[in-house]
Amino acid sequence: MNAFSRRGACPALSAPMQTGDGLLVRLNPVAGGLSPKLLIGLAESALRHGNGIMEVTARGSLQIRGLTAESAALLAAEVDALGIAVRTGVLVETGPLAGIDPQEIADPRPLAERIRVAIEEAGLTQRLGPKVSLVVDGGGQLTLDAVTADVRLEAMRADNGIVWSVSVAGDGPNAKVLAKVDADAARDIAVAALRMVAEKGREAHARDLSERQLVSLAGWLCLTSLPQAPPSVLPDISPSRGEITLSLTVSPISDVVRGKPASKLPISPLEGEMSGRTEGGASRKPIGLFSLAGDIFTLGIGLPYGSMPADNIIALAQSALALGTTEIRLAPSRALLFLGQPADTNQPLQHTAATLGFVTDPADPRTRIAACPGAPACASGHIATRDIAETIAAENADILDFTLHISGCAKGCAHPGPAALTIVGGENGAGLVVNATAKALPAGYRPGYDAARGVSRVAAVIRNARYQGETAAHCLTRLGPAAIAEAYRQAQTEKRK
Ligand code: SF4
């Protein structure tokens, strides 16, 4: 028996993924955070067994890269030996400050735990694909708005208390809203939605549900609460199939549960980032100081493009330990949150982090760029994403008020959703995609080594064209894809002259 097959070993550790730089493992500590000593131990394992690169993903998961089958088994054994319990089963995410943020609307952890139990009891874990996820967002200083999920439950204040907005298939601004209900009903709709996804197979996601299924999910409470609700209205797509007892306690604020026609549900269209709220930066990044109580703060520090050498993570964790940090939490948007240190040590810790190359300022232009490992780290990569990103961040910080995605190939690992601009590597070089995902057909190309120059040309056009007070994101929208692509290509023409 090896470490992979040991009872209790994490599936993420037991089934590492193949990437261009070897195997990759992803893990989420059950506790949500690690002591500095445990993070140091984990980083030392990553150095011993991987290629020394550690990552925190956009969802706040920890990744260790560059493993072999043998070294991944050794890593799994060391994670066990460190006593780090990792999450298994369907991913049910809560925010990094869940339960300790005085500004949150509701503590999402109890509801998240009840959903985990309900998923297990419904036997859905084995029937759902590994990337199916739920978000239970209690609101507050660090929301999960930017995290895409199959099902989202977001706390809202209503006249009669707290309600949960249930939506599917998207991030905060773009998910399709189904209902606003109490916690019991939110759990039941969430599990019913997952059951529908499971019935479509392990490759399915909530985005694959038909509109009729979504309508039935949203209208279910209305139907079940009618005194003489006909049980056969939606027999083939019944979310519960009689296995889930739905709560009849519903919020009066939901149009759905008031009995309005289901066809008028507020299903939002998919929006690109240019028009989404992520463009305006409404969701705060987990970088900087966040007040917890009185003079108690947590300090957020980002990993540039989500990645750092394990040596640097060890050095930062050692500094944090010396300054009194008791816990380091993983946070979405590729960051770490440091808790427990005295308030007057935050500034020196920030200084150490900046010296080591971490992101300590939420305005750092690197936070506006999503870049996957690309070439040469990933075998699928056609362009050197991180080098291109560094050049653009250094030369064009003034116009980066939108998300720029730099993807080694069309898979788009670093930013699956649409971005205002995407540079994507392919057979034809570095393609430029406007307001779409890396999978879209590029509007123009240039050689991969010269992609940053094309973006600089687009940046120059923005500087010339934008009105006083206009954001670069809005200016891009006004210019339109054709003009942007022309600027990108022009740089190539200029170079040939
Ligand atoms: S987007 Fe392509 S190049 Fe980048 S990490 Fe994913 S598979 Fe590799």
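Y305 counts as buried because its relative accessibility is 7%, where buried means under 20% relative accessible area, exposed over 50%, and partly exposed in between, with a 1.4 Å probe and protein chains only. Y305 is found in the loop between β12 (296–302) and β13 (307–309); helices (H or I, at least four residues) and strands (E, at least two) are DSSP runs, numbered from the N terminus. The phi angle of Y305 is near 55°, a positive value in a residue other than glycine. Most residues other than glycine have a negative phi, and most peptide bonds are trans.

This is a predicted model, in which local features need pLDDT of at least 70 and side-chain atom pairs count only at pLDDT 80 or more, while totals for chains, interfaces and linings use all residues. Residues are numbered from 1 along each chain as its sequence is written, and side-chain values use heavy atoms, with hydrogens and water left out.

A positive phi is also found at A169, where the angle is near 60°. A169 has its place in strand β9 (residues 161–170), and A169 counts as buried because its relative accessibility is 15%. The peptide bond from A375 to P376 is cis, with omega near 0°. P376 belongs to the loop between β16 (369–371) and α9 (385–395).

The chain as a whole may now be considered. Its secondary structure comes to 11 helices and 20 strands. Of its 497 residues, 54% count as buried. Contact means heavy atoms within 4.5 Å; among contacts between residues at least 6 apart in sequence, 63% join residues at least 24 apart.

R152 counts as buried because its relative accessibility is 0%. Leaving aside residues up to four places away in sequence, R152 touches V135, L144, D145, V147, S165, V166, S167, G170, D171, G172 and A175. One of these, D171, is 19 residues from R152 along the chain, and the C-alpha atoms of the two are separated by 8.1 Å.

A343 lies in the loop between β15 (335–339) and α8 (346–355). With a relative accessibility of 36%, A343 counts as partly exposed. A343 and L299 are 44 residues apart in sequence, and their C-alpha atoms are 9.4 Å apart in space.

On a 1 Å grid over the protein atoms alone, a pocket is an open set of points with protein on both sides within 12 Å along at least five of seven lines, and its lining residues have an atom within 4 Å of a point. The second largest pocket has a volume of about 480 Å³, a volume being the space filled by probe spheres set on the points. Of the 23 residues that line this pocket, the closest to its centre are P29, G32, R87, T94 and G95. Helix α4 (109–121), β6 (91–93) and β14 (327–331) each supply at least two lining residues, and α4 gives the most, with 4. The lining draws at least three residues from each of domain 1 (17–89 + 286–362) and domain 2 (97–270), with bounds that come from an automatic or database domain assignment.

Notes:
1 Å grid on protein atoms, 1.4 Å probe; cavity = no way out; pocket = protein on both sides within 12 Å on 5 of 7 lines; lining within 4 Å.
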